[in-house]
Amino acid sequence: MTVLLPEDLPLDAHRRSHSAQSRRYGFFPGCVAKESCKELFNSTMLLADKLGIELIELTAASCCGASVVNDVNRDVARVLNARTYAQAEALGLDDVITICSTCTGHMRAANKELLDSEERMDHANAILGKFGAKYQGTVMVRHLLWLLIDDIGLDRLREMVVRPLAGMRVAPFYGCHIIRPESVNGWESARQPHSLEDLIEAIGGEPVDYAGKTRCCGFHIQLEKENVAADMVGQNMRMAKDHGAEAVLTPCPLCHLALDGYQADSAARWGRTDLPTFHLPQLVAFALGVPAEKLGLNKHLIDPRTIMVERELIS
Amino acid sequence: MAKITLDLFRFDEAVDEVPHRDRVTVEIPETTTVLDALEVAKAEVDGSISFRRSCRSAICGSCSMNINGITGLACKTPCNTVMNADGVVKVDPMPNFQPMKDMVVHMDPFWDKYARLKPYLQPADADSANDRERRVSPDDMKKLVDVANCVMCATCYALCPVVSVDPSFAGPAAIAYAYRFIEDVRDGQRKERIAQISEDYLWLCAHCYACSYCPKHVDPNDRIIDVKRAAIKDRVLMNERGPRHALVVSKTIKQTGMLAETEVILGTVGRFNVRGLLKVTPLALRMVARGKLTPVEMAVGGTAPMLGMPSQKPIPKVDEVRTIFEALEVPVS
């Protein structure tokens, strides 16, 4: 018997022709990109412009549940997300694009629960019916990272690069929920992912391999025990720095808040690392020619412009 | 047959100051498990190579180790799935444990946390005459079967990033096993057990799903969430940060449709917890200085809830979100 591991799934299983052909996508920015990481939202829109795709923001969508509401109720995240998917369907969209690892994982988990069980789908639709909505089950949730690789393609991206990163050594930092659990994500191997590495290479950087890239940033326990969360940042950034990283690239704003915000607090135990952290669309948009001053790089606590000046990417 | 080279972590705490590595080459079919390869190396090349094993079929849970950077049961890992192009398989002890001899580690911290659970049934009527069966319906038993498959191999504990920086955290296996007793209808210590595991930092789980790599598919990640829900349902230690955080997140989503950051921070740390707030203030100020948060957002987020108002502008059609919360009777405080 052949056992089909999630990483063996053909990529086609995750591709959608409809949205990809029309280049119009439902867009779910998530809470953080609208609150403390507005630079992520802005640089995503600038990147979409460069790519010639239309991201149609689902403005009435709610929070995905943020991995936290599961702790109080087993159904609420599923039904909240069903409401969001119904909104996408009402706009004729079958793709919901996210820019946060946690949104990706939890929205995909909710969708899987709905699509795997008629009972759960009916339960959700019974509640949605109270305000006249219905989820038909046609939506697929994907991260912008996957869209870049599947729908645009690394070759096309390479052609579009006008400002290659001059070999800047960039450490990928995936963020747990875009890869784990594999049964929910499964777009690539959770243990040996390489999409970020491929992307870094395509835009002219040099990816740094280190064990911390698939580990946890500690964001979700920052308010539970600050020092433990800071240690998790320090441990991972120490590994990245020791492997020669000059900067970090993450597809997740929660990881960004942790890595950008807590390196200073972890220095006592792990030594100073001070690695600037880029949001995924910031670095891609820069390579594709979006002016650096439009990317909100000045909003980061560890200023990424220093390394960009050193690398003569900006003056 | 294939030549497979085992690149082994070697260390004997009785004599060695620091570990070293040995390379041992054995000739075996490449579908042989890493455990069997170790057995051949020990029998034919170097009898001092040490590792734990018993059943060789993923039932005893003895042989978890780190194989080419991936922690799991050696008896469930065929060499050809992990060896590199040169036929090398790197074998190390489980991370998060103190090595004793080669792949054998000190398991005490793991067992200590398990022992603290009092991992045996404690019926409410334990003192009464044992004159009848304590029956469990198939539905009640179904909830416990997955966790009962745990073989205590400690793979999840070795993979847990929280344990790696704070060994006081109970770890995934102990929390999953706490669930096994909390949800057992024959047990009479539900609240006490929830309190015990909460005090062993249940809420310090970082939601990272590293424990979803469980070789027996116990998937402690989901059981940890179940135990948190039980804590909120039974209202055990509700004044701790963990339950407060979950509930304030729930509350802000119900009120605004979004997770309102400022209110979540104040609600979790405690609006009147001056020491706690001082700890998060430097980061908040740095964020304001960089324009990540505006002073207006912080002021509104901080004061509006006290006046019974949403801490930020609600999303369009927020009434629909509130309908969902009400239909499911989701707790928000």
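Where in chain A does Pro181(A) lie?

Reply: Pro181(A) is in the loop between strand 5 (169-172) and helix 8 (195-202) of chain A. Helices (H or I, at least four residues) and strands (E, at least two) are DSSP runs, numbered from the N terminus. This is a predicted model, in which local features need pLDDT of at least 70 and side-chain atom pairs count only at pLDDT 80 or more, while totals for chains, interfaces and linings use all residues. Residues are numbered from 1 along each chain as its sequence is written, and chains are lettered from A and ligands numbered from 1 in the order in which they are written.

Arg180(A) is joined to Pro181(A) by a cis peptide bond, with omega at about -10°. For background, most residues other than glycine have a negative phi, and most peptide bonds are trans.

Axes here are lines fitted to C-alpha atoms, for helices over the stretch in contact, and angles run from 0 to 180 degrees between N-to-C directions. Leu145(A), Leu148(A) and Ile149(A) of helix 6 meet Ser195(A), Leu196(A), Asp198(A) and Leu199(A) of helix 8. Two residues are in contact if their C-beta atoms, placed from the backbone, lie within 7 Å. Sorted by class, this contact has five nonpolar residues, one polar and one charged. Ala, Val, Leu, Ile, Met, Phe, Trp, Tyr, Cys and Pro count as nonpolar, Asp, Glu, Lys and Arg as charged, and the others, Gly among them, as polar.

The largest nonpolar core has 196 residues. Such a core is a set of buried Ala, Val, Leu, Ile, Met, Phe, Trp, Tyr and Cys residues joined through C-beta atoms within 7 Å. A residue is buried if 20 or more other C-beta atoms lie within 10 Å of its own, exposed if 12 or fewer, and partly exposed in between, with C-beta atoms placed from the backbone. Val248(A), Leu249(A), Ala258(A), Ile175(B) and Val227(B) have the most contacts inside the core. Helix 6 (residues 172-182) of chain B contributes the largest share, nine residues. Leaving out residues up to four places away in sequence, Val248(A) touches Ala171(A), Phe173(A), Ala240(A), Leu259(A), Leu275(A), Thr277(A) and Phe278(A).

Helix 6 of chain B is mostly covered, since eleven of its eleven residues are buried. Among them are Ile175(B), Tyr177(B), Arg180(B) and Phe181(B). Its buried residues pack against helix 2, helix 3, helix 4 (155-159), helix 7 and helix 8 of chain B.

Helix 7 (residues 190-199) and helix 8 (residues 220-233) of chain B have axes that come within 10 Å and cross at roughly 120°. These two helices are therefore oblique to each other; angles under 35 degrees count as roughly parallel, over 145 as roughly antiparallel, 65 to 115 as roughly perpendicular and the rest as oblique. In their contact, Ile194(B), Ile197(B) and Ser198(B) of helix 7 meet Val227(B), Ala230(B) and Ala231(B) of helix 8. That contact has five nonpolar residues, one polar and no charged ones.

His217(B) lies in the loop between helix 7 and helix 8 of chain B. Its phi is near 55°, a positive value in a residue other than glycine. His217(B) is exposed, because 11 other C-beta atoms lie within 10 Å.

Finally, the two chains meet. The contact takes 46 residues from chain A and 54 residues from chain B. On the side of chain A that touches chain B, helix 3 and helix 9 (226-242) of chain A each supply at least two residues. Helix 9 of chain A gives the most to that side, with five residues. The residues of this side of chain A divide into 21 nonpolar, eleven polar and 14 charged.
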